[in-house]
Amino acid sequence: SEGLSSHLFMPLMCFTLMLCVVSVTNVPPCHPTIRPGSPVPVNTNNPGVRKAARFGVYRYNNSSNDLFLFKESQIKKAMVQIVRGLKYMLHVEIKRTVCEKRDHSNLDSCHFQRGKNLQRMLRCYFEVWIQPWTHTVHIPVAHCQ
C-alpha cells in the first residue's frame, strides 16, 4: 500500500509543480474548449503581446536599410500558443519615427514622422517565441510590406 500511495501522490505533485510554473510565467488563463498547444486569440493590449510586438519591431529595424527607426503604431490581431514557452503570432502596423538608427534611441521616446514625404507605414506579421524561464526570445518570422 506504500507503493500505491506514492503512485497516487506523484501525479498530484506534478500537477502542483506545473501549476506553479504556469502561474509564474503569466500564461493566459486556460479556456475549457481549447486544447494545449492550440493558438488562442489574446487581447492586443496584453503586456506580453506588446512586449512581443516590440521584439518584432527590433528585428525589423535591425534588418532594414532605412535611416530611421520604426515602431509599432497598432497591433491589429494577436494569437498566443503555449509550446515550450509562449509563441506569439502578431499582425502589427509599424510606422517610421523621427529617430535615426545611428542615434540608438529608446523607441518609447521616438515620435512618428509628421512630414508627408517621410511618413511610411508597413503591415507586418511577426512570430515571436519567448521562453521566460531561460530569458530567450526567438523571432522565426518577421515579414513586413
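Is C124 buried or exposed? C124 is buried, with a relative accessible area of 4%; buried means under 20% relative accessible area, exposed over 50%, and partly exposed in between, using a 1.4 Å probe and protein chains only. This is a predicted model, in which local features need pLDDT of at least 70 and side-chain atom pairs count only at pLDDT 80 or more, while totals for chains, interfaces and linings use all residues. Residues are numbered from 1 along each chain as its sequence is written, and side-chain values use heavy atoms, with hydrogens and water left out.

**Disulfides overall**
- The count comes to 2 disulfides, a disulfide being a pair of cysteine sulfur atoms within 2.5 Å.
- Counting bonded cysteines along the chain, the pattern is 1-2, 3-4.

**C99 and C110**
- The sulfur atoms of C99 and C110 sit 2.1 Å apart in a disulfide, and this link is left-handed, with -110 degrees about the S-S bond.
- C99 lies in strand 3 (residues 86-100) and C110 in the loop between strand 3 and strand 4 (121-131), so the pair ties together parts 11 residues apart in sequence; strands (E, at least two residues) are DSSP runs, numbered from the N terminus.
- C99 is buried at a relative accessible area of 10%, and C110 is buried too, at 1%.

**C124 and C144**
- C124 is joined to C144 by a disulfide, S to S 2.0 Å.
- The link of C124 and C144 is right-handed, with 115 degrees about the S-S bond.
- This pair links distant parts of the chain, with C124 in strand 4 and C144 in strand 5 (residues 136-144), 20 residues apart.
- While C124 is buried, C144 is partly exposed, with a relative accessible area of 25%.

How values were computed: Helix = DSSP H or I, 4+ residues; strand = E, 2+ residues; numbered from the N terminus.
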